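Hi,

Here is the structure I promised to pass on.

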Amino acid sequence: MVVLSDLPEGSSSSSSTHGLSSSARVPTSSTHGHNSSTHNHRYDVFLSFRGVDTRHSFTDHLHKALIDANINTFLDDEEIETGEDLKPELETAIKASRASVIVLSKNYASSTWCLDELVLILEQRITSNHIVIPIFYHVEPTDVRKQQSSFGDAMVKHRRMMEAETNADKKSQWARKMDRWNKALMEVANLKGKDVNGRLETEFIEEIVKDIHHRLHVHLRSVGQQLIGMENHINFVTSWLKDGSSHTADILTISGMGGIGKTSLAKHVYGLYSHEFHKSSCIEDISRACDGKFNGLLDLQKQLCNDISKTSSIKVHDALVYTSKIENIVARKRVFLALDDINTLDQLDALLGSKGFHPGSKIIITTKERRLIERCALFKTDIKPKHTELLLQGLHETESWKLLCLHAFKCNYPKTGYEGVLYKLVKYCQGHPLALVVLGKSLYDRDVTYWEGCIEGLKKETDSHVNNVLRMSFNSLPSKNDKDLFKYIACFFVGIDRDVAETILKACNINIRSGIPNLFDRFLLTIGGKNELKMHQLVQEMGRFEVHQESLDKPWKRSLLWCHEESFRVLKQKKGKGNLVGLALDMRMLEKEMLGASYKLKTDALIIHNDLRRGKSWMDYALKTKALERLIVRNCTGLLEVTLFFKSFHTWAV
């Protein structure tokens, strides 16, 4: 038995040819991740094009490339009759966009709708710094400027329609429009545009997407709610990505406990810069995809291959073959990979291989195990990649307040009267972003009374999304010894001097030489400034939850008891014939029971209290609690005498 004394508690528009009937189809747009537009800009790009020319070819491919690059793009999927006025929703979309891409194709000018779009787009360029990118799609800029060839034919046709108009007012309107169209065509032809002639369309589209990313300054935008407090980390990763000095591949490991923001950070940066590489791939939630699924890793390899190379019709069912394919691809091309939540060497070796990457390639890996990366096969080659590490440690208090308020109140500050409960929740979460988001969403539009009830029930309702995320690190511990060690520390030793705790744990036959480092590596344990063992409060609760699950209603059937009330009840009822091997008891709690309880309870408490102080009847408790091997007694003064009764156990007194 180990006896301790006085341990502290621890989308753009398109037009039809003349005479085609309209079909009522819904305009489409896409909003992705960080690219939600700010201020009055709902869209990043408005696409203006001639449907009959490019709807099912170039414009469709360009639209998909923009969406894949997380550029929020408006494309209007509706044909109209030539001569109709521009729809109000298209005017609104143009004004709500930061830029327009104008696909000037052979029949562009034959549509009055396209010409009206062009006029409005160029007006926005002057009045609101709207970016305009002309694309000369198999037409010459000179023909557009001088209205020659198909553009000349179209304008002649419009002039004939104007001259055939018998209504004087309508004819005057036609004349004013013709004048605006002429000027707009000359103006757009004089802008710096892009010419597709003689080029592969796939490469041409890729160039357009990169140019839009650059000109819209996407990387300077304010981050989303899930990235509050991450600005410095975003700048760090951006600087790492922009560093082209390395002659090898660069690997960045983003590590930290579960739910700390690793995935959000990696995905955000990937969305900003993936377009700058020849090929790129982002694979999320790798550990979960592999756990319990026979072909999980094979599916991830297939996804990676499809992202960075042309798909093959040959089916592969061998992970080693896929690894070889990946190695051959990444050796030839400068790639950008984001591999999220890797926790085994098998996963790393299968997805990275061992032959090396093309110089200039960048690989971001998120993991809950900090020492994993440099043990993989890629680092055993002659030319090792350059490795940089970034550790995420949670939000500061002001950032925590802001994140919680944004989800609970949809603003940056708490409502009047909520300051007290908000402070309690921020303190409870200890800067853990996922916990702040989950709690904030659950408390949205709730009154203060509900908040207070939530705070009271937090430590009881541990089977939550946050707890499940944290348990992944516990489940990844390599041995039963490490899991037992984690549970012992979570239940008894948080806040205890490391040397004292390690001495006691050794006496309990717990292997700490490999166990403690394994807990450190998985961010389940840290060391404080005074050499004390520390755990994030949510991690500690997760560990205690694991023990609690051993028996929900019968505490004596659990292996460890840290709750003093439950310990008192087990001793009083002389329980403990089950799995109980460790128990904590606070003597001050017994004294309070004697002062404030009924006579019967006072008597029970007094008997146990005196027994503990004098050491008498202890053998009886030990016999009744046969499995009990370790006892932690807090705030007791007579432990040296108590230990004399347990010569058959290993004893420890401090």
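This is a predicted model: local features need pLDDT of at least 70, side-chain atom pairs count only at pLDDT 80 or more; totals for chains, interfaces and linings use all residues.

Five strands form an open sheet in the order β9-β10-β11-β8-β12, and the pairing is parallel. β9 (279–283) and β12 (386–391) are the edge strands, each pairing on one side only. Ignoring direction, neighbouring strands are turned by 10° against each other on average. β9 and strand β10 (residues 335–339) run parallel and are joined by five bridges; S281 has L337 in β10 as its bridge partner.

Two helices pack on this sheet. Helix α10 (residues 262–273) touches β8 (250–255), β9, β10, β11 (362–367) and β12, and its direction makes about 160° with that of β11. Helix α12 (residues 296–308) touches β9 and β10, with its direction at about 155° to that of β9.

**Helix α18.** Which residues of α18 (448–457) are buried? They are W451, C454 and G457. Because they cover an arc of only 130° around the axis, they lie on the same side of α18. T449 and E456, on the other side, are exposed. The buried residues pack against α15 (397–408), α16 (419–429) and α17 (433–442).

**A helix crossing.** The axes of α19 (residues 465–475) and α23 (residues 537–548) come within 10 Å and cross at roughly 80°, which means α19 is roughly perpendicular to α23. V466, N467, L470, R471 and F474 in α19 meet L538, V539, M542, F545 and E546 in α23. By class, this contact has seven nonpolar, one polar and two charged residues.

Best wishes

Definitions and conventions: Residues are numbered from 1 along each chain as its sequence is written. Side-chain values use heavy atoms; hydrogens and water are left out. Buried means under 20% relative accessible area, exposed over 50%, partly exposed in between (1.4 Å probe, protein chains only). Helices (H or I, at least four residues) and strands (E, at least two) are DSSP runs, numbered from the N terminus. The arc is that of the directions from the helix axis to the C-beta atoms. Contact means heavy atoms within 4.5 Å. Axes are lines fitted to C-alpha atoms, for helices over the stretch in contact, and angles run from 0 to 180 degrees between N-to-C directions. Angles under 35 degrees count as roughly parallel, over 145 as roughly antiparallel, 65 to 115 as roughly perpendicular and the rest as oblique. Ala, Val, Leu, Ile, Met, Phe, Trp, Tyr, Cys and Pro count as nonpolar, Asp, Glu, Lys and Arg as charged, and the others, Gly among them, as polar. Two strands pair if DSSP finds at least two bridges between them.
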